[in-house]
Amino acid sequence: MLDQIFGEENFVNEIIWKRQSSHNDAKQGSKHMGRVHDSIFLYGGGKDYFFQHLYRPYDQSYVDNFYRHVEPETGRRYQLGDLTAPGGGAPSKGNPYYEFLGIKKYSRYSEENMQKLWTRGRVVQTKAGSVPRLKRYLDEGKGVPLGSVWDDIGPVQGMGDEHLGYPTQKPLKLLERIIEISSQPNDIVLDAFCGCGTALVAAQNLGRQWIGIDQSPTACRVMAKRLRDICRLQEDEKLWQIGRGFIVRDLPWTEEKLRKIPPFEFENWAVIALGGIPNKAQVGDMGIDGRIYPTSAMPAKSGKKAGELDFMDAWYPVQVKQKDKAGRPDIDMFEAAMMREDRAKGFFVSFEFSSDALREIDAFFRREHRVIIPLTVREILDEVIAQKLA
Ligand SMILES: C[S@@+](CC[C@H](N)C(=O)[O-])C[C@H]1O[C@@H](n2cnc3c(N)ncnc32)[C@H](O)[C@@H]1O
């Protein structure tokens, strides 16, 4: 599936994250091995994708084997490397030949650079007459380039500081590594299934911008709290607009909240909740706040070929009133708009409808054979709407 989505030519690596050393899903009597790893698939976005090598510290057995010497004055570990040109040197390769500390050799370094290394204490001659060698400190090495098996990051510990109780929470270190490998500061990180927001915290820590998506409102609440508590970010639209702070969008609404938001926002909410498109003009809407383009009016279905204009002309008007009770005058105005636009069906949204308003809707149908569907906010929230729209 990933090959289809991202393109198989963009596949870069399969990474094995060994998340546990033992797993209790492999109990005695079970017929499989312990499932102790997750697979991470790395795809590049086209040929010029960003990639940064990371390095892991040498493990102790490597250090013990290859950095055997310890400098008594500083305690720094080091190994002794070659100063002699590779393979003993060859005049044709242009390696310099000179005498140093009584030894005549082809060298990797010019005589001048060799002198510099000597004065900086980087050249060691263990005894007179032996070949001088180069001191390489452990703490100056980059470490081992990271390979595709990651076994150095443990799971989020149940009792640890990081643990939020979110069932599939990933360790911060894992997400930080993924982000560091594949992005640069200020790049935008998108996690479309971001759970409790580990990738967002990692991106924030590393100076990236980020967008997180999750279908679960609980996840969104947990991640917002985490961004506030851990990253010290404020949930504030003004700050967000200037590149600080963050906002959480499209959480389920409550009736109480919807009564308080500005009228334009309320109109947008209602029209979008009905699957419609809000009018761009916020004033002078002449009784129409949005339009629904029913799929049944698609040219293919209606058998028409003529195209866009026919299709675009099939729409239902939506009128929205952020009122406790929509009354008869509100319905009258909408009826006028429907007559003007010659619409057979329209939707009216409010918190409630007076009995006068409902009677007028019936009378309008008998008079003009045009349908107004009254919808309350409660019905939209409860998704009763799906039945009414059908
Ligand atoms: C494995 S969890 C992500 C865990 C996350 N990496 C963390 O450390 O918290 C997957 C998340 O995907 C969400 N999800 C599943 N299907 C989705 C969908 N179609 N759209 C958006 N989110 C979805 C789930 O609600 C869940 O929170």
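Helix H12 meets helix H13 through Arg328, Asp330, Ile331, Asp332 and Glu335 on the H12 side. Their counterparts in H13 are Asp356, Ala357, Glu360, Ile361 and Phe364. Two residues are in contact if their C-beta atoms, placed from the backbone, lie within 7 Å. By class, this contact of H12 with H13 has 4 nonpolar, no polar and 6 charged residues. Ala, Val, Leu, Ile, Met, Phe, Trp, Tyr, Cys and Pro count as nonpolar, Asp, Glu, Lys and Arg as charged, and the others, Gly among them, as polar.

The model is predicted: local features need pLDDT of at least 70, side-chain atom pairs count only at pLDDT 80 or more, and totals for chains, interfaces and linings use all residues. Residue numbers start from 1 along each chain as its sequence is written. Helices (H or I, at least four residues) and strands (E, at least two) are DSSP runs, numbered from the N terminus.

H12 spans residues 328-341 and H13 spans residues 355-368. They pack at an angle of about 30°, with their axes 8 Å apart. Axes are lines fitted to C-alpha atoms, for helices over the stretch in contact, and angles run from 0 to 180 degrees between N-to-C directions. H12 and H13 are therefore roughly parallel to each other. Angles under 35 degrees count as roughly parallel, over 145 as roughly antiparallel, 65 to 115 as roughly perpendicular and the rest as oblique. The crossing of H12 and H13 is right-handed. A crossing is right-handed if the near helix is turned clockwise from the far one by less than a right angle, and left-handed if anticlockwise.

From H4, Leu172, Leu175, Glu176 and Ile179 take part. They meet Thr198, Ala199, Val201, Ala202, Ala203 and Asn205 in H5. The residues of this contact divide into 7 nonpolar, 2 polar and 1 charged.

The ligand is surrounded by 14 residues. The closest are Thr168, Lys170, Phe193, Gly195 and Thr198. A residue is near a molecule if its C-beta atom, placed from the backbone, lies within 6 Å of it. The shell holds 6 nonpolar, 6 polar and 2 charged residues.

Strand pairing comes next. Two strands pair if DSSP finds at least two bridges between them. An open sheet of 5 strands has the order S14-S15-S16-S17-S18, with mixed pairing. Its edge strands are S14 (277-278) and S18 (371-376), and each pairs on one side only. S17 (residues 345-350) and S18 pair in the parallel sense over 6 bridges. There, lysine 345 has valine 371 in S18 as its bridge partner.

Another open sheet has 4 strands, in the order S4-S5-S9-S8, with antiparallel pairing. S4 (69-70) and S8 (123-124) stand at the edges, each with a single partner strand, so one side of each is left without a neighbour in the sheet. S5 (residues 77-81) and S9 (residues 133-137) are antiparallel and share 4 bridges. Glycine 81 stands opposite leucine 134 in S9.

Strand S1 (residues 11-18) runs antiparallel to S2 (residues 37-43), and 7 bridges join them. Glutamate 14 stands opposite phenylalanine 41 in S2. S1 also pairs with S11 (residues 149-150), in the parallel sense, over 2 bridges. Tryptophan 17 has tryptophan 150 in S11 as its bridge partner.
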